[in-house]
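User: I would like to learn how to read a model of this kind feature by feature, beginning with a single residue and ending with the arrangement of the domains. Could you take me through it?

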Amino acid sequence: MQTTEDGTVEIGVGLISVGWMGQLHSRAYANLRYAYPDLRVRPRLVHAADPAQARAEEAVSVLGYERASADYQAVLDDPEVDVVSICAPNFLHAEIGIAAAKAGKHFWIEKPVGRGEAETRAVAEAAAEAGVVSSIGFNYRHAPAIEYLRELVADGKLGRITNVRGQMFADYSADPRGALSWRFVRGLAGSGVLGDLMGHLVDLVQYTLGPIAEVNAVTSTVYTERPELPMGTGTHFAVIEDGEMKPVENEDYAGMLVRLADGAAAAGAVGTLEASRVAVGPRASYGIEVYGTAGSARWDFERLNELHVAGGLDTEYPGYTRVMAHPGMGDFGRFQPGAGTSMGYDDLKVIEAKKFVQAVLGRELRNSNIQDALSAAQVISAAERSAAGRGWEPSAPLPGTTAATRN
């Protein structure tokens, strides 16, 4: 990193894997100068890596990276790279995260960080030993409506929180002809919808309400076989007619009962969390409902820019009021001038990039970090044990997270 004469910090960016998410990270870095000019940061897209030659070439010709390689180690060895975005398939996350830490590179990594708690812990230990900053791709916590919900809980506007209900329902695997990609193979993905979608929901609950201390879970595999998709071809959205059927090795659906920790902002609250990748109807219905003694609030990603809030029974018109996201909520004002003009998913990644860069520069520490990822992985691991043993399993709160706690 170097500082120019006008005080702008230039940060060298490396990218590992130039797929859809890698492209999104690249755009997020590029858009920092427009959304956050006062940040006085100029990301410089230095080096990208992807084993697919076409994607590596695209990183230079389309995204604007100065150079590209087939091997991710070349990015980590590049002295002009200060921060690295890790957007490779899930089964490579831990390997690359550990390598990035050992190379002394601050890293922004997509979730899940590892195929379970053990791999995630190994990355966390490597990052701590190296003293590098980490940031995790927990997208949904950055929605302005979610930031506002967190404030409502912290300020006691909803009263004592009694219970929470959350769901992460998607239809990307609802078609039984959907390809058996790496996501359905335990050796490559680890768990199924638990690690993929439930991990996001666990983070959303912990960020807004506080650490989950105990879980009781059930899982099911709706389609036990799928047509095989050769590695490196297509996506997990692909549909294959008359393909060779191979077994699905992890779960399509997961449900959990949860109890929040004593020190949580919503201490004593209980709830139900569900996730499915085979739901018919919901496209990306990722939501949370929070109920308290003085009110409640609910949010759904499919209506990203809305929060529905209800006051107490003594109000003249009990029931929900639709509150549109506006410049007073989170970072909304960085993207749109007023309520009713909507933010989108890509904007959440720009916010995520901003929080990562701020942490790297030693300014605000508002980014999701590797301890948040480990905490979510720990809850998911407890859920897997619970589903197998059919009982309650503990998940001790971890230090160093950004979970909502009592002041």
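Analyst: Let us begin with Val-290, which in this predicted model is buried, with a relative accessible area of 0%. In soluble globular proteins, nonpolar side chains tend to be buried together. Val-290 sits in strand E14, which covers residues 284-292.

User: Which residues is Val-290 in contact with, leaving aside its neighbours within four places in sequence?

Analyst: The contacts of Val-290 include Leu-149, Val-153, Leu-158, Ile-161, Val-164 and Leu-209, and also Asn-163. Gly-295, Ser-296 and Ala-297 are in contact with Val-290 as well.

User: Is Trp-20 buried or exposed?

Analyst: Trp-20 has a relative accessibility of 53% and therefore counts as exposed, since the cut-off is over 50%. Trp-20 belongs to helix H1, and its C-alpha atom is separated by 21 Å from that of Ser-285, a residue 265 places away along the chain.

User: How many residues does the largest nonpolar core have, and which of them have the most contacts inside it?

Analyst: The largest nonpolar core has 115 residues, and those with the most contacts inside it are Met-198, Met-256 and Trp-299. At least three residues of this core come from each of domain 1 (2-139) and domain 2 (141-394). Taking Met-198 as the case, and not counting residues up to four places away in sequence, one finds that it touches Met-256 along with Val-193, Ala-254, Leu-273, Glu-274, Ala-275 and Ile-380.

User: How should I read a helix, for instance H4, and which of its residues are buried?

Analyst: An α-helix has 3.6 residues a turn, so residues three or four places apart point the same way. Helix H4 runs over residues 90-102, and its 13 residues reach 19 Å from the first C-alpha to the last, close to the 18 Å expected at 1.5 Å a residue. The buried residues of H4 are Asn-90, Phe-91, His-93, Ala-94, Ile-96, Gly-97, Ala-99, Ala-100 and Ala-101. These buried residues pack against strands E2 (9-16), E5 (83-86) and E6 (106-109), and against helices H3 (72-76), H5 (117-130) and H7 (186-189). Just after H4, Gly-104 takes a positive phi of about 75°.

User: What should the 14 residues of H5 span, and which of its residues are buried?

Analyst: At 1.5 Å a residue, the 14 residues of H5 should span 20 Å, and this agrees with its end C-alpha atoms, which are 20 Å apart. Glu-117, Thr-120, Val-123, Ala-124, Ala-126 and Ala-127 are the buried residues of H5, and what covers them includes H4, E6 and H10. Just after H5, Gly-131 has a positive phi of about 70°.

User: Which residues have a positive phi although they are not glycines?

Analyst: Ser-17, with a positive phi of about 90°, is one of these cases, and Arg-390, with a positive phi of about 60°, is another. Ser-17 lies in the loop between E2 and helix H1 (20-35) and, at 13% relative accessibility, counts as buried. Arg-390 is in the loop between helix H10 (370-389) and strand E18 (393-394) and, at 77% relative accessibility, counts as exposed.

User: Where is the cis peptide bond that ends at Pro-112?

Analyst: The bond from Lys-111 to Pro-112 is cis, with omega near -5°, and Pro-112 is found in the loop between E6 and H5.

User: How many residues does the contact take from domain 1 and from domain 2?

Analyst: The domain assignment gives domain 1 (2-139) and domain 2 (141-394), and their contact takes 42 residues from domain 1 and 46 residues from domain 2. The two domains bury about 3,800 Å² between them, with 66% of this area on carbon and sulfur atoms. Tyr-36, Phe-138 and Asn-139 supply 22% of the area that domain 1 buries against domain 2, more than any other three residues. The domain centres, taken over C-alpha atoms, are separated by 24 Å.

User: What feature does UniProt place at residues 12-138?

Analyst: An unreviewed UniProt entry places the feature "domain: Gfo/Idh/MocA-like oxidoreductase N-terminal" at residues 12-138. In the model this span is 46% helix and 22% strand, and its end C-alpha atoms lie 23 Å apart.

Technical notes: Residues are numbered from 1 along each chain as its sequence is written. This is a predicted model: local features need pLDDT of at least 70, side-chain atom pairs count only at pLDDT 80 or more; totals for chains, interfaces and linings use all residues. Side-chain values use heavy atoms; hydrogens and water are left out. UniProt positions are given in the numbering used here, feature names are shortened, and annotations may be inferred rather than shown by experiment. Helices (H or I, at least four residues) and strands (E, at least two) are DSSP runs, numbered from the N terminus. A nonpolar core is a set of buried Ala, Val, Leu, Ile, Met, Phe, Trp, Tyr and Cys residues joined through side-chain atoms within 4.5 Å. Buried means under 20% relative accessible area, exposed over 50%, partly exposed in between (1.4 Å probe, protein chains only). Domain bounds come from an automatic or database domain assignment. Contact means heavy atoms within 4.5 Å. The expected span of a helix is 1.5 Å times one less than its number of residues. Buried area is the accessible area (1.4 Å probe) that two parts lose on being put together, summed over both.
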